[in-house]
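I opened this model to look up a helix pair, a sheet and the chain interface. My notes follow in the order in which I checked things.

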Amino acid sequence: MDPVIELDGLEVRFGDRVILNQLKAALTGRSIGLLGPNGAGKSTLINTLLGFHKPAAGTARIFGRDIRTHAREVRSLVGYMPENDAFIAAMSGVRFVRLMAELAGLPREHALERAHEAFFYVGLGEVRYRALGTYSLGMKQAAKLAQAIAHGPKLLFLDEPTNGLDPPARVRMIQLIQEIRDRGDLHLLLSSHLLRDVEECCDEVLILKDGKVAALCNLEEERRANRNFLEIETRGESNGLFLEAVEKLGCETAPGAQGRVKLIMPDGLEVRRLYQVAAEQNVQIRRLSHKRDSLEDIFLKAMETADGRL
Amino acid sequence: MAVYKKTYRPYDGGLTSSWTRFLVIPRYAFEDLHRSRFLTTFFIASFLYPLICALIIYVQHNVSALGLVGVQGANRLIAINVTFFMSVLGWQSMLALFLAAFIGPGQVSPDLANNALSLYLARPFSRIEYVLGKLSVLVILMSLMTWVPGLLLFSLQGYLEGFGWMQDNARLAFGLFAGAWIWIVVLSLLALALSAWVKWKPVAGALMFGVFFVAAGFGAAINGVQRTKWGHLLNISSLIGNIWLRLFEGDAHTTNGAVFFRVAQGEELPLWCCWAALTVLCLVCLYMLARKIRGVEVVR
């Protein structure tokens, strides 16, 4: 499958600071999640793909078009919903979306029609003639989504789309994103630090940490894979030795706080062996539960440093 | 699609030419300006002076007709010469300054105030096109106030006086056109640069006047204290007036410039200095715009 977004050694610097460090990845999913803690470089990556930042090295391609040499063409394919407020306060909602659609190249009659449609679609049909400055936060988020989809992009960048939304508004926003995704006409890149948003909307996840790719994971495949996940809670002096011994059995481990450990058991290994190893290391297993690997697990694992700290 | 069918659908229609897309900006700006009664009235009132001038030209060439109704010596009222056309340009250019001070501050600042600029530039629309679009709002309106009526008056005079007069005075037409454009470019860039840096519109408007009048006063003070003429480098209207003089009359000028753009006798700066000062001013404005007109502001 041709990648939607291909990162080819992409590096972005602000002065001496390296913000994106040699990113390499081929993202092929219909709906791609971009995860990472604050300051990981998620928004910078989106801004770079839009051509707002010039790469210091490497490049990226969107639908095979190089962002360095075909920036205009790339921007004609994408819709962008930024993280922060982005509107002209005195302009009515529908006029603003129409302006943005016209700037994207739609003739004015089409732009007007699509602006109205987009406003009804995001649930703001009744307030479309009101000045954007008077909108509530949730309405502003919806208006940002309307301007991002009005011109019918092939790839939609959503930067923290549920930021500041109350629970019902968040549910509505997630539903809209899922509907857009399920139509199958466009691809999504959803940047968020909320794992739940990404889990509900995406089938592939790119996790960034300190400007580097920490993990790239196909959630669909993960969901489909029949792997043996366990969560155990241990007590004892030699937890570290216990983990080493468990890893020697072929388990993948992710230690958490207060003796909690998440394990992926290799095929053929029985749970009884864990108790045996624990006994050998003088460690008690207080609790053991079978568990499916969630995005949270994948994320926490990706966030781990070499010394086991998050 | 009917609006009640609330589903997303892709767009598969045609697209406009990317070369003309920047003209979307002035179209929206004119719609906004048209809603302001004050600006519409001001803009219409700015044509009063050219209308009076057209009347004077008409009177100059219809003395016999006026004689029939008992008006004598009307043709001696005002001569249609270089001073006449420089006055037209001077008056209209001063009104253009007021217009730029009224509408200039509202051009870029609303887009920057709530980060709308990132949405403009996330489309197949460059920073240069954005600036061109915003500039064209001011350029179109100020053109309609300055060189367009100026050239219409020149054409009227040429039509009534004969083709020979037009040929002999072609320099006036060039002076009107080029002189107005220099003023328009300087004003537009200054208005946009101030609009990009000063978010509060009244302050940006006041700064427009400040750059012209306060700086001119400061320049005059330098001249007085230092007994020099180089303080005029800070006086934009004097710089423009100097250039206009050469455009209209060449080196052997007989007047001291247009109204509001007078050049003090004996204190003329070398022409290249005037050009250099205006070029530096324009480059500073472009630099200010380049710093602010960005998809995102980077904090290093």
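I started in chain B, where α6(B) passes α11(B) in a right-handed crossing. I note that this is a predicted model.

I then looked up the geometry of the pair. The axes of α6(B), residues 105-113, and α11(B), residues 170-197, come within 7 Å. They cross at roughly 30°.

Next I listed who makes the contact. From α6(B) I wrote down P105(B), Q107(B), V108(B), S109(B) and L112(B). From α11(B) I have A191(B), L192(B), L194(B), S195(B) and A196(B). Sorted by class, the contact of α6(B) with α11(B) has seven nonpolar and three polar residues, and no charged ones.

For the model I noted ipTM 0.87 and pTM 0.84.

I moved on to the interface. I find 41 residues of chain A in contact with 32 residues of chain B. Which helices of chain A each supply at least two residues to the side that touches chain B? My entry reads α2 (71-77), α3 (93-103), α4 (108-121), α5 (137-149) and α6 (167-183) of chain A. The largest share of that side, six residues, comes from α4(A). By class, the residues of the side of chain A that touches chain B are 21 nonpolar, 11 polar and nine charged.

Last, I traced a sheet in chain A. It is an open sheet of six strands with mixed pairing, in the order β6-β7-β8-β3-β9-β10. Why is one side of β6 (78-81) and of β10 (212-218) of chain A left without a neighbour in the sheet? Both stand at the edges with a single partner strand each, so one side of each has no neighbour there. On average, neighbouring strands of this sheet are turned by 15° against each other, direction ignored.

I followed one strand pair inside the sheet. β7(A), residues 155-159, and β8(A), residues 187-192, run parallel and are joined by five bridges. For D159(A), I recorded S191(A) as the bridge partner in β8(A).

One helix on the sheet also went into the notebook. α5(A) packs on the sheet and touches β6 and β7 of chain A. Its direction makes about 170° with that of β6(A). α5(A) is also listed above among the helices that supply the side of chain A touching chain B.

Technical notes: Residues numbered from 1 in each chain as written. Chains lettered and ligands numbered in written order. Predicted model: local features only at pLDDT ≥ 70, side-chain atom pairs only at ≥ 80, totals over all residues. Axes fitted to C-alpha atoms, helices over the stretch in contact; angles between N-to-C directions. Helix = DSSP H or I, 4+ residues; strand = E, 2+ residues; numbered from the N terminus. Left-handed = near helix turned anticlockwise from the far one by under 90°. Contact = placed C-beta atoms within 7 Å. Nonpolar A, V, L, I, M, F, W, Y, C, P; charged D, E, K, R; others polar. Pairing = 2+ DSSP bridges.
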